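Please read the points below with the model open beside them.

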Amino acid sequence: MLRFILVAMVCAFGLYASPEDDAAVNVLKKNCLLCHGAAMQSSGLDLRDRDKMLKGGERGAALVPGDPSKSLIYRFAAGIDQPSMPPGKKLPEADLAVLKAWIERGGNLSAPAVVPAEDPKAALAKLEERPITEQERQFWSFRPIAKPAPPSAAANPIDAFLAAGWKAKGLTGSPRANKRTLIRRAYLDVTGLPPTVEEVRAFEADSSPDAFAKVVDRLLASPAYGERWGRHWLDLVRYADSGGYETDTDRPNVWRYRDWVVSALNKDMPYDRFVQLQIAGDEYAPGTVDAKVATGFIYLGPEANMRNEQTRMDELDDIVATTGTTMMGMTLGCARCHNHKFDPIPQKDYYQIQAVFFPSSRGEVPIVGEAEKKAFDEATKAWRAKLEPLEKELKALYAPYRDKIRQQKILQLPDFYQLALKTPPEKRTEGQKLNAIQVERQLGASRGEIESIMPPEDQEKSCHLNEQITLTELQKPVIDTAWSTVEKDGGKPKESHFLHHGSIGNKGSVMQPGVLTVASAPNALPKFPTPDPNASSSLRRKAFADWLTSPTHPLFARVMVNRIWQHHFGEGIVRTPSNFGKTGEAPTHPELLDWLASEFIDKGWSMKAMHRLMLMSDAYQMASDDIEANRKIDPTNRMLWRQARTRVEAEVLRDSVLAVAGTLDKTIGGPGVFPFIDPALFAASTKRDWPGKAETDASTFRRSIYVFSKRTIPLPMFDLFDKPDTNSACARRNRSTIATQSLILMNSGFAMHQAKMFAERLRLDVGNDVQAQVERAYEIALSRKPSARETELALGFIKNNPTGLVDFCQTMFNLNEFAYIQ
Amino acid sequence: MTNKRFWSRRELLARCGGGVAGLALADLGLAATGDAAGAAVNPLAPKAPHFAAKAKAVISIFCYGGVSQVDTFDPKPELARRAGETMVGKGEVVVSQGLPGGLLPSPWKFKKYGQCGMDVSDLFPHVGGMADDIALIRSMYCTSNDHAPALFQMNTGFILTGYPSMGSWITYGLGSENQNLPSFVVFQDWRGGPIGGAPNWSNGFMPAAYQGTPFRTNGDPIVDLRPPAEMSGDRQRKWLDLLNKLNEEHLAKNPEDSEFSARIAAHELAYRMQTHAVKAVALEQESAAIQKLYGLDEPETEYFGRQCLMARRLVERGVRFVQIYSGGGNFTESWDAHFDLELNHGMHAKETDKPLAGLLKDLKANGLLDSTLVIWHGEFGRMPISQRMNGRDHNPYGFSLWLAGGGIKGGNIVGATDEYGYKAVENRKSVNDLHATILHQMGLHHDKLTYPHNGRNFRLTDVSGSLIKEII
């Protein structure tokens with residue numbers, strides 16, 4: 001017995017531990033054990049005793065007695081392997097020498113190393129702290145928003161701020177764009193559709209000073225405004241109609257969120273309310289349909305096939321990261337595994353914000369009234385009562401045949417499986433237990449197998465019952481639901497933790513809900529309420545949204561006015577619209593940005609007021625052509641001396657084709673539509689499908705925002721023209737120019753069919769006079785009359801080709817001018 | 001540039017990429033850097049690598065569903081000795097579906113191949129014949145046992161969806177040597193594509209220029225490559241000529257706008273692509289002997305053989321990255337042998353063994369193997385224990401894959417799994433390590449090739465990855 005204990009001790013502690021060895025243990029205690037000890041075993045490594053050191057963690061043995069060059073303790077401490085340990089500091093040379101000598105001696109311990117005397121919990125909590133310095137608070141985007149006075153008395157302060165910039169750099173602002181360019185720009189920008197010929201002519205004929213103001217008001221009042229600007233928002237919230245990954249399951253109700261966004265914008269819902277409802281609609285306005293639908297925002301991200309703690313953490317990361325970039329222009333996601341490397345975003349802030357969303361989960365909730373809900377519940381009950389007896393009867397009918405098949409199948413099994421089954425469960429070996437379970441899963445019988453051994457009368461019964469069951473299943477009552485967010489634990493939310501290195505294996509302290517510290521005045525962090533245990537939710541999201549949407553929040557207003565500016569002027573005042581941190585770009589016009597943000601707040605967060613302000617500036621109405629002298633000074637137009645020339649997004653291009661061809665179906669809202677996709681592109685898995693209609697099917701000629709957004713089956717035209725992939729927030733679309741885009745506009749059945757429809761429209765509009773056709777085509781497609789040269793080229797072409805008009809129409813869709821806002 | 005306000009069509013096309021393989025664009029200085037507005041003008045213009053590259057092109061053979069290592073390249077006699085016994089001593093045995101069964105011996109025999117004496121099973125006799133050109137890694141592991149995340153990890157480095165794929169990273173890093181063809185081409189199995197679909201060859205948050213283009217194996221290779229039949233003869237050429245003339249009128253106002261010029265060039269490239277892409281996959285131009293080498297004369301190997309032969313023709317023409325999926329859809333249609341392993345792997349190996357060996361031999365004979373990196377892999381391996389009695393479940397803890405060509409040292413075996421082939425234990429290699437090594441052969445530093453998105457510079461290898469020095 002004594003010998004056994006001695007052997008055990010020798011293994012655990014090694015032999016002949018000496019005072020020098022104790023010195024090494026002290027180095028370990030001081031530097032390593034917090035993360036590789038009782039409180040936490042980072043990377044699976046535990047250094048509390050010698051056996052554990054020999055066994056090591058995920059990277060292999062930590063201690064190889066006698067060989068420091070193979071002992072990971074030494075390799076990481078010496079910085080031979082990266083990341084060097086302990087993180088963020090260098091081990092003193094003397095300590096390193098102690099460790100090295102100790103390993104060379106055999107790495108013996110006189111006693112198990114133990115965690116430092118300090119309470120491990122307190123030590124962990126200390127490790128998680130990362131204070132914000134005063135200097136960090138002085139970074140431009142964290143400073144309070146002041147309302148600077150415009151530098152001169154222009155009619156529109158925007159122009160005063162820009163003019164000051166031109167003056168400083170020796171630039172001259174561009175002249176006003178001609179009326180036809182201007183109205184086309186405003187239409188494409190505000191509604192995503194080109195103006196009609198009549199609208200252009202009316203604007204040209206209107207010589208009153210408020211002619212453009214009238215256009216702007218009309219556009220902002222058009223439902224097409226919400227469809228256009230709603231699409232910008234959907235990019236930011238990674239909107240899609242399916243869940244991605246393996247099954248890419250359709251979300252047949254998520255379109256209600258899309259429609260909610262469109263309608264909120266059209267109603268000019270104040271931006272603070274717009275965001276409040278999306279984060280915590282259920283807590284601000286419990287029970288309302290809008291609130292149920294708006295909180296769909298939280299769980300719009302992709303959904304992994306497997307549900308476990310890790311995929312839940314990934315899901316929450318998507319929510320925290322999207323909230324950070326979209327609402328605050330802060331890359332919160334970078335603080336999941338460590339404190340943010342560039343910005344003052346402590347990892348603890350990340351996990352406190354994660355704690356805001358932690359109690360929530362995705363819920364598909366009914367959006368009907370109480371009475372309807374009750375009727376649905378009763379109908380469901382009645383339906384079950386009808387279905388269940390049928391299923392029971394079928395089961396009874398099948399039972400004897402099932403058993404027969406089972407016995408037959410058993411006889412065909414290899415001997416060791418049969419033996420496993422024959423052995424009584426309590427006598428089975430471990431292997432037999434597993435094998436028996438395996439076998440059980442193979443002994444079932446399909447309907448076909450069963451019917452094949454039935455006498456005819458039972459076969460008939462089976463057919464009849466199955467038919468009854470199928471018919472009954474079809475009668476399953478349905479209820480309208482919303483893609484929404486719920487809190488199942490109500491007022492008693494479960495605990496979440498700080499995760500060291502972002503790993504679920506390294507849980508740190510329990511986290512309370514919190515906010516982005518640096519965006520709050522010191523000592524003015526919001527208080528999260530302690531909810532009534534019987535409450536229906538934790539109220540954490542509401543408290544968070546109150547803080548986020550406060551007029552004193554330094555980022556919330558700045559980020560949004562910059563986004564609105566970006567879409568009107570091609571680039572943001574901050575050209576990294578979702579990164580207002582150190583690695584982002586600084587604002588080109590910081591005072592203008594702050595003035596706009598203040599104005600946004602002062603005008604009650606009205607987005608339409610912001611649009612009107614920007615659209616009515618002289619700056620917006622400038623020409624977009626180059627001015628050589630300016631180009632030399634400011635080639636990238638940072639000081640905004642001209643308007644932008646921007647290729648329209650995929651959706652605007654498709655919608656413009658439909659509008660010009662005269663085929664656009666302007667129906668607003670509802671479930672998504674499925675235009676044609678070549679099956680070669682999605683025959684990817686039997687689990688997914690795209691019920692595409694023909695290219696000539698007019699029911700698909702809806703605005704592109706209504707095209708079903710399937711994460712794994714993108715519409716080629718959208719995919720090639722840089723529609724974002726919907727898996728993370730996109731604030732600024734890429735703008736590729738590639739040959740495969742041209743192939744779509746040159747060769748697709750869609751382009752060809754629409755060209756025919758456009759030609760048909762021209763004939764209907766102006767008859768067979770070719771010159772009139774050409775003029776009309778230019779007016780419809782490009783909002784202007786053709787030049788003499790253009791007319792000559794087009795006439796020659798149409799007259800000399802039997803298919804001239806259709807081909808000319810397709811040419812129009814392919815013109816650069818057609819695809820650019822100028 | 002110039003003050004010239006008007007160009008002839010010929011001048012315009014010469015300026016905008018009408019020259020050889022798009023070099024004119026590069027000459028114009030419109031290459032990959034981007035213009036005033038920050039939009040890349042010709043994002044596919046060739047770019048210099050970080051250092052001298054060993055390989056110019058990659059062919060990835062993706063055996064989707066997951067190939068069993070213990071039945072192909074990693075023999076484990078212990079499985080036969082302990083058939084039906086419980087696997088013990090390996091910690092918790094994690095399976096993706098159902099409960100673990102007993103150890104399941106391989107139904108195939110292994111033989112030694114080549115001077116290096118590589119053990120390869122009877123599933124891959126032809127590939128075995130190329131053993132001395134192959135570097136086999138037996139100690140791969142990945143971090144998900146679920147198809148879609150594991151596919152994404154193999155293709156993009158991340159188990160989450162939304163990241164650019166390896167082909168995108170490589171074309172982003174190097175551009176393309178042939179502007180008349182897509183730079184990143186994907187062939188799917190005749191039974192369908194992989195789980196997860198298009199995100200497997202997605203550009204993620206990069207510009208669309210870097211996305212994989214699916215190629216069909218029969219008929220026109222690219223969807224919408226050619227106009228509908230009624231647009232016959234020179235009808236399209238005529239309206240494209242009109243388009244160019246009208247675009248010239250428009251360009252005259254802003255002659256320095258490189259985006260406008262690039263779009264004009266893109267249309268011309270697209271027009272040329274119609275003939276180039278069809279020629280590129282015109283297998284009838286290959287001799288009967290070559291067709292036979294790839295197995296085009298046998299029904300089982302014909303489809304995959306066509307894809308392999310097309311891959312050779314594409315890399316020959318400067319295409320940067322070709323990926324071919326073996327297996328599509330679900331279960332038996334892919335390598336996902338949850339049941340009846342013998343039928344499943346027997347079928348898929350039969351379809352691919354000869355064409356794969358043919359591809360390696362042909363590349364070698366043409367002197368292309370030195371500059372073409374061929375990788376054979378799945379998204380994970382399979383369990384040494386049984387599932388549903390005669391199948392194997394997913395196994396991310398240990399699996400085999402091989403590389404050949406592109407400067408890889410052949411006849412080389414790296415790492416080992418445990419006695420059952422369950423977990424990689426010796427010289428373990430991560431997917432990041434594999435990606436780092438592939439980029440390295442292409443002349444790219446995996447830790448320097450970055451792309452910014454939402455405030456962070458992303459890499460194919462995230463925050464890790466070490467070169468697999470044993471094979472380079």
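1. The largest nonpolar core has 317 residues, and V561(A), A135(B), V374(B) and W402(B) have the most contacts inside it. A nonpolar core is a set of buried Ala, Val, Leu, Ile, Met, Phe, Trp, Tyr and Cys residues joined through C-beta atoms within 7 Å. Buried means that 20 or more other C-beta atoms lie within 10 Å of the residue's own, with C-beta atoms placed from the backbone. Helix α8 (residues 258–280) of chain B gives this core its largest share, 10 residues. Apart from this core lies another, of 28 residues, including M40(A) and W102(A).

2. This is a predicted model: local features need pLDDT of at least 70, side-chain atom pairs count only at pLDDT 80 or more, and totals for chains, interfaces and linings use all residues. Residues are numbered from 1 along each chain as its sequence is written, while chains are lettered from A and ligands numbered from 1 in the order in which they are written.

3. The contact between the chains takes 88 residues from chain A and 81 residues from chain B (two residues are in contact if their C-beta atoms, placed from the backbone, lie within 7 Å). On the chain A side, helix α30 (residues 739–747) supplies the largest share, eight residues. Helices here are DSSP runs of H or I, at least four residues, numbered from the N terminus.

4. Why is α30(A) largely enclosed by the rest of the structure? Nine of its nine residues are buried. The cover over α30(A) includes α29, α31 and α34 of chain A, together with β6, α7 and α8 of chain B (strands are DSSP runs of E, at least two residues).

Methods
A residue is buried if 20 or more other C-beta atoms lie within 10 Å of its own, exposed if 12 or fewer, and partly exposed in between; C-beta atoms are placed from the backbone.
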